[in-house]
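Subject: Structure handover

Hello,

Here is the structure for you to look over.

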Amino acid sequence: MPVLTRDEAQTRAQLIDVHRYTVRLDLTQAADPGADTFDSRTVIRFSARTDGATFVELKPAELRSVTLDGHPLDPAGLTDNRLALDGLTTGEHELRIDATMRYSRTGEGMHRFTDPTDGETYLYTQLFMEDVQRVFAAFDQPDLKAVFDLTVTAPEGWTVLANGTTEHLGDGTWQAAATPLISTYLVAVAAGPYHSVRTEHRGLPFGIHCRRSLAPFLDADAEEILDITRACFDRYHEKFEEPYPFDSYDQAFVPELNAGAMENPGLVTFRDEYIYRSAVTDTERQTRAMVIAHEMAHMWFGDLVTLSWWDDIWLNESFAEYMGFQTTAEASLGGSGGTPPRKWGKDPWTDFGIARKSWGYDADQRPSTHPVAPAPDAVPDTASAMLNFDGISYAKGASALRQLVAWLGEKDFLAGINLHIARHKFANATLADFIESLARATDRDVHAWAADWLRTTGADTLTSRVESAGRHWTLTVDRTGSRPHRIAVGVYDRDLADTRALVLRERFETDLPTGTAETRDGGRPALIVPNDQDLTYAKIRLDETSQETALRGISGVPDALTRAVLWNSLRDMVRDGELDTTDYLDTALAHLPEETDLAIVQGVLTFATVHIAGRFTTPEQRPTALATLGELCRDLIRRTEDGSHPGLRLTAVRGAIDVATQAAPLQAWLTEGTVPGGPELDPELRWRALARLAVLGATDDAAIAAELDRDPSATGQEGAARCRAALPDPAAKQAAWEAMFTSDGLSNYLFTATAQGFWQPEQTDLVKEYVPRFYEDAVALAERRGPAMAEAAGRHAFPAPFVDAEALRLGEQCLRDAAPTPALRRKLTDQLDDLARALRVREGGAKN
């Protein structure tokens, strides 16, 4: 099926202007178990600037009729997803299309989900990039903005939500208020018996919505979610001169959403895992707050001002990522606008530094890396554009913007942003437009900054060298790379009253490369941290003395964000073969129990469990690594027995389950329904424990079925699929494989859960025959089921426990000979690079 090219989009934009879509969707049969299609009728009013020809896109189950200016066109003229519109004359035109469309189970187009808890059916759209064509006909490119007038007929008793406020006209028919000018990929509909909590803020209707079976959990957190929403809304109105540009603000928590959330104007959709059925930590609540702030930032940057072509996707995502963390920090900690402190977490930038930034660093060191702002010819079509939704466009781009703010100052940065919005509102803009707006607001050379930061790839490395002479010492920071950096340097001494602690002597800012050497008064510090406070994006290497201090005393560093910088440095060194995995684990064992920031605990435990114990250690070394992590988690559990740190205790319990090598403790927890001293085992912990028991061969299908009877929810179905796929039984593995790659009956989420259970480091002998099969079957699946399932297969079904030369050879052969789809090729390229890195770490160890 052809994808839209940049050249085709530019040609079409030069020929036509699109004015209005009138869309009628008939969803009345959606609740019937056998329903797999719906009716879609579209009227597009557009004008041609000159005589010419173009095409409209559509992916129907059946195209019933087409008329152009009252003249019928042959539906058989639809080739793949394109219908030619020949012989256009200068002036106004009207295109009418009547089609039958298919519901989706992959999170693309009109996704249909039946809740196993109560049998209710829910629909929502995800139209990003080119999936509007699965719902209605469109000139599908971001720079052909139009007004959308939407009517939906749904079963009686359902609620219909859309970009604008909706009115029930009777007989199941709902009319949405016409939108302002928006892009096709931002149109949104949600329909079903949604449970809603509604309020009003600054004269606008606000609403939050979820499945009925989740209603008690939404209600429990409704005030927190609305509190965050109001706080962020107010902060954005302090930052942005242009007021919120749409008529309402709804947030729908929907099932099986592929993304974390989607910024549809007026109707943001979130994956409904953000409605918590089980206990979560403050850091997880903070993450939800950040996602709310991220999506709201898009209302201005992405929705009001939209990219012209997909090479500038970073303008959407990097900006929203930066604003999401910065605005959450201001709203949670109290910002310049006087917002009172909130209850949903600590400084979000620590979480960004330890969790999101590592995503960017990893992506930037793979062969698939790309500039934050790729050159136009690097994104020639929509298929290549989809590959750029990664840690570079999000985390690295946000890091670059944070560095830009440190360099420009927030006042000039926001002045440039407001100029950009004023110049391009309800229209489209490019990187050049953005840089020009910033340049008008500052005397700094923003064009040179953009060339250095946005058009280059890779992560610079900043390495400290220290020379002492009497009561003076000199710091030199060597830079590997080409970018200018504005950094803070933290200087720390040992606390005379408590030698385990470190105290800040001073923190000074300097520019690299111009300020590469600094001579300071006083004796040689115990610890010198370049990029203290994490203002720039670069890998950090400490001088020898500071490195030893970090390994032996990282918990004594007083600031959490600085500790995140140090933990990231240790993480990078492990990945680069410069620090032995046992040194990292020993540091975690010694210092994580003293850590006060939960984001750091979670980040370090995740890296140690998934990457070190899961891939970087050999099968012979893995038991020792698991034993170290088990000891660490037990220590954390002991230290939280007083109940003062429930989030830390929950994290430790989760970690203890994940690294358990003996079944008896987990069996006892499940039988008793609680960990001694708490917490009680809620559904999330019960499924986690049962999955680990399945890996260990200490449970069976009957126990899984009993647990599913106890929790028949959608997450229960996923838990059961994960557990069954994890059983060390040939028949269970065969059934799981056929479900993933043969039947096509699994939804996107059930596929992911099954894949997560299938490959286990403890079961490599059992499943090694599936390694070569993966490449053949994943290529076929990606071709058959599309980009979302290709992404799921490449991410979750990849045989990650097999870290050996033969697994690498098979993967490279697949890339060379099997012609995987672009989405799968990108995932396999990344996975194979990670596999090669794990091999190097295993074979070379430290100092490799």
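First, the residue classes used throughout: Ala, Val, Leu, Ile, Met, Phe, Trp, Tyr, Cys and Pro count as nonpolar, Asp, Glu, Lys and Arg as charged, and the others, Gly among them, as polar. Please keep in mind that this is a predicted model.

Cavities

The count comes to four cavities of 30 Å³ or more. The largest cavity has a volume of about 70 Å³. Its lining divides into five nonpolar, four polar and three charged residues. Which residues line the largest cavity? They are Gly353, Tyr361, Asn531, Asp534, Ala538, Lys539, Ile540, Ala564, Val565, Asn568, Ser569 and Asp572. Three elements each supply at least two residues of this lining: α5 (348-364), β29 (539-541) and α12 (560-575). The largest share, five residues, comes from α12.

Second largest pocket

This pocket holds about 440 Å³ of space. Its lining has 23 residues. Nearest the centre lie Lys346, Thr596, Leu598, His645 and Leu648. Helices α3 (282-298), α14 and α16 each give at least two residues to the lining of the second largest pocket. By class, that lining has seven nonpolar, eight polar and eight charged residues.

Helices α14 and α16

Two of the helices lining that pocket, α14 and α16, also pack against each other. Helix α14 covers residues 598-616, and helix α16 covers residues 646-658. The angle is about 5 degrees, and the axes are 10 Å apart. An angle under 35 degrees counts as roughly parallel, so α14 is roughly parallel to α16. On the α14 side, the contact uses Leu598, Val601, Gln602 and Leu605. Gly647, Leu648 and Thr651 meet them from α16. The contact of α14 with α16 has four nonpolar, three polar and no charged residues. Leu598 and Leu648 are in this contact and are also among the residues nearest the centre of the second largest pocket.

Helices α19 and α20

What is the angle between helix α19 (residues 701-710) and helix α20 (residues 714-726)? They pack at about 170 degrees, with their axes 9 Å apart. Angles over 145 degrees count as roughly antiparallel, so α19 is roughly antiparallel to α20. From α19, the contact takes Asp701, Ile704, Ala705 and Leu708. From α20 come Gly716, Gln717, Ala720, Cys723 and Arg724. The classes here are five nonpolar, two polar and two charged residues.

Best wishes

How values were computed
Residues are numbered from 1 along each chain as its sequence is written. This is a predicted model: local features need pLDDT of at least 70, side-chain atom pairs count only at pLDDT 80 or more; totals for chains, interfaces and linings use all residues. Side-chain values use heavy atoms; hydrogens and water are left out. Axes are lines fitted to C-alpha atoms, for helices over the stretch in contact, and angles run from 0 to 180 degrees between N-to-C directions. Helices (H or I, at least four residues) and strands (E, at least two) are DSSP runs, numbered from the N terminus. Angles under 35 degrees count as roughly parallel, over 145 as roughly antiparallel, 65 to 115 as roughly perpendicular and the rest as oblique. Contact means heavy atoms within 4.5 Å. On a 1 Å grid over the protein atoms alone, a cavity is a set of points where a 1.4 Å probe fits but cannot get out, and a pocket is an open set with protein on both sides within 12 Å along at least five of seven lines; lining residues have an atom within 4 Å of a point. Grid points are joined across faces, edges and corners, and a volume is the space filled by probe spheres set on the points.
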